[in-house]
Amino acid sequence: MSEAAADQLFLGRQPILDREQRLVAYELLFRNGSRNFAEVTDGVQATATVIANAFTELGVEAALGSHRGFINVDEQFLFSDMLELLPRHAVVLEILETVPPTEAVIERCKALKAVGFTLALDDVIQLEPEFAELLSLVEIVKVDIQPLSRVQLMQLVMKLKPMGKQLLAEKVDSREQMEQCLKLGFTLFQGYYFAKPTIIAGKKLDHSQLSLMKLMGLLLGDAATAELEAALKPEPGLTISLLRMTNSVGAGCTEKITSLGHAITVLGRRQLQRWLQLLVFAGGKPSGTSNPLLLLAATRGRLMELLAGELQPGDTALADQAFMAGIMSLMPALVSLPIAEIVAPLGLTGNVRDALCDGSGVLGALLHIAESSENGDLGQLTQALAELSGLSPKAINRAQTQALQWANDIGQEKQET
């Protein structure tokens with residue numbers, strides 16, 4: 001494999017949710033490192049190799065955790081031997097709408113299904129007779145709801161339902177669309193509607209979240225442990241969660257941790273800060289199923305922290321600030337307030353504030369990389385990379401995988417507590 005092929009970017013991922021808005025899968029948006037596929041001599045082989053390497057060398061399978069990864073498959077890639085190297089239980093092969101339902105394609109899909117792959121059909125907006133046999137082979141049908149009227153969508157679903165397929169609504173970008181798709185019986189949903197302020201307009205921070213924000217401000221201001229204890233004491237739920245987590249983290253300790261001060265010392269301020277930041281996104285509740293926005297925030301923060309470490313090894317201050325900027329950048333979606341209003345009372349350092357409010361500086365560039373990796377915007381990603389000379393595509397790939405794994409581990413812990 002050429003160096004150019006090895007350095008391709010496969011950074012994009014979009015969450016796929018169930019009817020309760022819980023994360024169940026990611027669509028992995030593998031992208032060629034150049035702007036144009038034609039610039040690579042064998043684009044399909046290169047892409048297949050990168051995807052296979054992602055699961056073997058970089059551990060994407062581990063990073064997905066219990067969630068599956070949906071992977072786009074075009075006609076050429078469908079017939080690539082590399083496809084069969086992918087872990088069958090961990091992926092869904094998403095047959096693109098550009099793949100013609102020829103006899104050879106049908107036979108290949110039957111063979112892939114026979115060896116254990118799950119198939120999905122992408123971007124369905126109408127049922128064309130020539131796709132009937134291909135449709136019978138797939139388990140999941142992805143419906144692009146954007147070009148369809150309410151009546152057209154209803155008619156399409158009425159035709160699909162008797163086939164017993166799992167229906168996934170793509171490009172859902174409003175609450176009204178989400179509710180319509182729920183009523184029609186869709187079981188999977190894709191898009192960032194859950195992160196849109198319009199969905200949760202008027203939501204206010206509750207008491208627990210306000211306490212968390214106060215604690216975050218105290219930590220950033222390097223407050224004394226006694227001050228942190230005093231702020232935590234009125235929050236028994238948070239205190240119990242903190243003690244439980246500290247005891248599990250410090251499992252090698254000979255004595256049980258019972259005091260808040262002891263817990264803060266054992267856990268360490270950096271760990272405490274991360275825990276508080278993530279709890280804000282859990283709605284101030286230490287237990288319960290994590291919401292997708294929490295996982296998105298956790299992944300973004302961790303990715304930026306890891307990239308800051310690549311840029312300036314050993315600079316823990318920059319890494320801390322990068323994590324904070326990543327987490328805080330999604331606060332407007334959580335509470336429907338402008339970012340400037342959110343950061344004002346927190347006493348953030350100038351470069352964190354500038355990154356959040358203006359997108360400037362090193363942290364601003366890292367934020368651009370994180371955002372473009374989430375939406376699979378290669379042009380924006382290339383532009384963001386140009387702002388930082390010290391990051392290679394391989395380093396970003398590695399950090400992306402580690403960040404996703406870290407966020408999924410948090411999600412698992414939260415469900416188990």
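## Strands, cores and a buried helix

Me: How many bridges join strand β5 to β6?
Reply: Helices (H or I, at least four residues) and strands (E, at least two) are DSSP runs numbered from the N terminus, and two strands pair if DSSP finds at least two bridges between them. Strand β5 covers residues 118-124 and runs parallel to β6. The number of bridges joining β5 to β6 is 3.

Me: What pLDDT do side-chain atom pairs need to count here?
Reply: Residues are numbered from 1 along each chain as its sequence is written, and side-chain values use heavy atoms, with hydrogens and water left out. This is a predicted model, in which totals for chains, interfaces and linings use all residues, local features need pLDDT of at least 70, and side-chain atom pairs count only at pLDDT 80 or more.

Me: How many residues does the largest nonpolar core have?
Reply: A nonpolar core is a set of buried Ala, Val, Leu, Ile, Met, Phe, Trp, Tyr and Cys residues joined through side-chain atoms within 4.5 Å. In the largest one, the residues with the most contacts inside it include L78, V141 and V143. Apart from it lies another core, of 32 residues, among them L307 and I396. The count for the largest core is 47 residues.

Me: Which residue caps the N-terminal end of α15?
Reply: Helix α15 covers residues 316-328, and 11 of its 13 residues are buried, so the helix is largely enclosed by the rest of the structure. At its N-terminal end, a side-chain oxygen lies 3.1 Å from the backbone nitrogen of L318. The capping residue that supplies this oxygen is D315.

Me: What is the relative accessible area of K171?
Reply: K171 lies in the loop between β7 (166-170) and α8 (175-184). Its phi is positive, about 60°, although K171 is not a glycine. K171 is partly exposed, with a relative accessible area of 42%.

Notes:
The expected span of a helix is 1.5 Å times one less than its number of residues. Buried means under 20% relative accessible area, exposed over 50%, partly exposed in between (1.4 Å probe, protein chains only). A polar contact is a pair of N or O atoms within 3.5 Å; within protein, one must be able to donate a hydrogen and the other to accept it, and residues adjacent in sequence count only if both atoms are side-chain atoms.
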